[in-house]
Amino acid sequence: MNAYFWIALGGVLGACARYMLARLVARAAGTDFPYGTLLINFTGSLLLGFFMIWSSERALVDQRLRLFLAIGFCGAFTTFSSYAFESFAYFEQGHWTLFATNVLANNVLCLAAVIAGAAIARSL
């Protein structure tokens, strides 16, 4: 039961952070392209890549922190389902350039973010 508490706590904070950041980005950059989703997926991937390497290779961390951050926070913060639906909507509407840009940007940038996070953690 203790594990569920840490996952739930991280999930609540991750979901709230996602909502807040998505609104801020939409207000600043507009809604023609899902920049908020891209930024959230990128930063979540960077954080997860950093944390998983740092916590397994560089530091001994309490298992509760791993549950809280990796499963709870990052699981609720990143938005793969939003990314998938936004991509589908572009596809269905025939916005081929936006569809391709969204798919490529999310996949390439998020993979690069995980690699960067891991590299940063290993450099410490």
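Helix 5 spans residues 96-123 (helices are DSSP runs of H or I, at least four residues, numbered from the N terminus). Its buried residues are Asn102, Ala105, Asn106, Cys110, Ala113, Gly117, Ala118 and Ala121. Buried means under 20% relative accessible area, exposed over 50%, and partly exposed in between (1.4 Å probe, protein chains only). The model is predicted: local features need pLDDT of at least 70, side-chain atom pairs count only at pLDDT 80 or more, and totals for chains, interfaces and linings use all residues. Residues are numbered from 1 along each chain as its sequence is written, and side-chain values use heavy atoms, with hydrogens and water left out.

The length of helix 5 agrees with expectation, because 28 residues at 1.5 Å a residue should span 40 Å and the end C-alpha atoms are 40 Å apart. The expected span is 1.5 Å times one less than the number of residues.

Asn41 lies in helix 2 (residues 35-58). With 6% relative accessibility, Asn41 is buried. Leaving aside residues up to four places away in sequence, Asn41 touches Thr78, Thr79, Phe80, Tyr83, Asn106 and Cys110 (contact: heavy atoms within 4.5 Å).

Cys110 is buried at 12% relative accessible area. Cys74 is buried at 3%. The whole structure has zero disulfides (a pair of cysteine sulfur atoms within 2.5 Å). The sulfur of Cys74 has its closest cysteine sulfur in Cys110, 12 Å away, so the two are too far apart for a bond.

Conventions. Helices (H or I, at least four residues) and strands (E, at least two) are DSSP runs, numbered from the N terminus.
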